[in-house]
Amino acid sequence: MITIAKLSGAQALIDSLQREGVEVIFGLPGGSILPIYDILYESNIRHILVKHEQSAAHMADGYARASGRPGVCMATSGPGATNLVTGIANAYMDSSPVIAITGQVPREMIGRDAFQEADIIGITTSITKYNFQPRKASEIPKVVKMAFKIATSGRPGPVLIDVPRDVQVEVDEMEAVEGLNFARFRQVPPHPLQVEKAVNLLLNAERPIILAGGGVILSGASQALQALAELLLAPVATTLMGKGCFPENHPLSLGVLGMHGTVEANKLVLEADVLLAVGCRFSDRTTCNISEFCPDSKIIHVDVDASEIGKNRKVDVPIVGDANQTLSKIYEEIAKRLVKREDSLWFRRLQEVRAEYYGSETDQDDGLSPPKVLREVRNILPVDAIVTTEVGQNQMWASLYFKAYKPRTFITSGGLGTMGFGFPAALGAKVAKPNVPVLDIAGDGSFIMTSNMLITSVNEKIPVIVLILNNSMLGMVAQWQRLFYNRRYSGVKLVNPDFVKLTEACGAQGARVGSINELRSALLQALESEVTTVIDVPISPEEDVFPMVPPGKGLKGIMLNALKTSSFLAKRVARGSREVYDS
Amino acid sequence: MSILDSDSEAHIVSVLVENKPGVLYRVANLFRRRNFNIESISVGPTERKEFSRMTITLNGDDATVEQLVKQLSKIIDVVKISLLNPKNTILRELALIKLHVKDSKIRSDILSYSQIFKGKVVDTTEDSMTVEIVGTPEKINAFLKIASSIGIKEIARTGLTAIERGG
């Protein structure tokens, strides 16, 4: 056996993390992880102290999504570990490479309900790609190597390493990491016959559409996607997770599809004869009622995770493969046989729908409506600025009205829908990209969940901007109660602290704005600020997010406002009316 | 593309896994989490000490089995998955059946039934007999049917294990 050196488990862990290129760990120490913190003290790895472990996991997640490199979080055993759970589940649902390291009680105490013991291996088995509990210090270099390999290969995801306290202390000769078998992680190229089927379908399609998900971002397939879309003149809708993988100011961009998707995405996807879905999983928030989702279209599904193919929707051409590799291959084959399309009936149809619904869309209101606020934020932020969101109305408004132009610039909790994600994720993103402005589009309900991280942002000098769309409500729940529960507002009214004072008490900067002009100057000031700025934007508590597909309905059940359904609107369109819905 | 050619029947999945603590938990947990309802699972060592073999039977359509195989293959400890074609597979299960013995007629009935089924009486007391039957699940079920007319006290079955013919 080749040996590296005689090290303690803790030394081996920190050493292995450095070998993986880890520069920063988000964490909070405790009894069972003291030996690791003791080694961390003298290492080059930066430690960022959080106020609650959930935020450590979200920071690592935000860091990973902004940079494309795995994010590392750390916590002690028991409550420290269980506090990570929401953040790990969030990373799992959104395929984010997060490495979670937890302390554990000493080996001989495991199973005895020792102080601060929790079965974190059992707890996280279904929300991690894998988890490890090294039983000997000598295993640690191998375990860390495998953990990073697993977290970053294929479809990325979180991996947890649970290290018993005595294993951290144990000194031994380390097992070599050379010779580990990574054969199972080898990326298999897309099957040529399947690619050929896809190419033929796309070439013969009259109304092709591309649905691009988070996998396009993860595999760095944006360029290939854009090239293919332009070649075919195929409109591109994204999932919420895919937002930013295709520039939303591109003439072929339909925006986000789904429950709160754009009208053009939701309408045109139903009209497509061939749908190329890539790096997405046909989630219920994207397809709405799946039985009514493109029942007559041919569907090509490209995903790196074979289990996603056929899981939610039967498809005509399944292709297991990396998004970038597969899209490039499809592009290559089509380019041999097709001259880049400059015009098509289908493209004109897109323009027609766009004119129908958005032709006269203007910001007429004088107040601070969310669409108006978010368009203004977009105008002020540079193109490469990173935006995170919380969960609820703020997120759906961001999805609809904040246009993202680049991959990894729109970070949101898509699968798990974790309120409180946006702020720590913004801080993590800022750590990854210190020279890029980072802004969290927040709601008051979500922000309060992790607002204690203001302290971390000040102490660790991580300046971000938080824009609170403040309606003193758990707004999305209130919207459902307004629409489907006869306005019985059960448990949704919030009595908030003064966000400006709260922010200032933590040493950050607060502003409350009452007009677009004030918003503009607050944002410009925030962009220059060396501390985090929280901008409180009071909005109407009655404001709904529309369009909306009511739960259980198919995409064609899209509602454009609280009163009129799309069938009503369809009639108006049929009569040639140029009226559009008022935002 | 279906893996098997018939719908909604018993499928046998043979899974080679790493022989380490916690692997059975990961597999069982996956079935629970993904809502797969399995019929039986049996686990045992193989010719190589670093691997164990799990034999899983489940009823379901092809799509369910396909999804099960895909999900199983994501578990890092899973080395190889084979779907066994029942026509070309040797299937065996072991059952221990404890029966009430009320009189000597029943005692001799049990002896003759277990002979017919090539079973063995492995234990007996004044008021009970325990029979061991090895065979396909159908054979065991047939024995249980006749045994239930006598009166079954307890049953313990191992679940199915299977191996492909030839090769």
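Start with α3(A) and α4(A), whose crossing is right-handed; a crossing counts as right-handed if the near helix is turned clockwise from the far one by less than a right angle, and left-handed if anticlockwise. Helices here are DSSP runs of H or I with at least four residues, strands are runs of E with at least two, and both are numbered from the N terminus. Before going on, a word on ground rules: this is a predicted model, where local features need pLDDT of at least 70 and side-chain atom pairs count only at pLDDT 80 or more, while totals for chains, interfaces and linings use all residues. Residues are numbered from 1 along each chain as its sequence is written, with chains lettered from A and ligands numbered from 1 in the order in which they are written.

Back to the helices. The axes of α3 (53-67) and α4 (79-93) of chain A come within 7 Å and cross at roughly 30°. Axes are lines fitted to C-alpha atoms, for helices over the stretch in contact, and angles run from 0 to 180 degrees between N-to-C directions. On the α3(A) side, the residues that meet α4(A) include A:His58 and A:Asp61, and among their counterparts in α4(A) are A:Gly80, A:Leu84 and A:Asn90. Contact means that C-beta atoms, placed from the backbone, lie within 7 Å. By class, this contact has five nonpolar, seven polar and two charged residues. (Nonpolar covers Ala, Val, Leu, Ile, Met, Phe, Trp, Tyr, Cys and Pro; charged is Asp, Glu, Lys and Arg; the others, Gly among them, are polar.)

Now zoom in on A:Asn90, which sits in helix α4 of chain A. Is A:Asn90 buried or exposed? A:Asn90 is buried, because 27 other C-beta atoms lie within 10 Å; the cut-off for buried is 20 or more within 10 Å, with exposed at 12 or fewer and partly exposed in between. Leaving out residues up to four places away in sequence, A:Asn90 touches A:His58 and A:Asp61, and also A:Ser413, A:Leu416, A:Thr418 and A:Phe421.

Let's step back to the domains. Chain A is split into domain 1 (3-185), domain 2 (192-358) and domain 3 (370-538), with bounds from an automatic or database domain assignment. The centres of domains 1 and 2 of chain A, taken over C-alpha atoms, are 37 Å apart, and five residues from each of these two domains make up their contact.

Further along chain A there is an open sheet of six strands, ordered β16-β15-β17-β18-β20-β19, with parallel pairing. Two strands pair if DSSP finds at least two bridges between them. At the edges are β16 (410-411) and β19 (509-512) of chain A, each pairing on one side only. Helix α17 (422-432) of chain A packs on this sheet, touching β15, β16, β17 and β18, and its direction makes about 175° with that of β17(A). Four bridges link β15 (386-389) to β17 (438-443) in chain A, with A:Ile386 partnered by A:Val438. Helix α15 (370-380) of chain A has buried residues too, including A:Val373 and A:Leu374; β17, β18 and α16 of chain A are among the elements covering them.

Finally, chain B. Nine residues of chain A are in contact with twelve of chain B. Within chain B, β1 (9-18) runs antiparallel to β3 (51-60) through ten bridges, and six bridges join β1(B) to β4 (78-84), also antiparallel.
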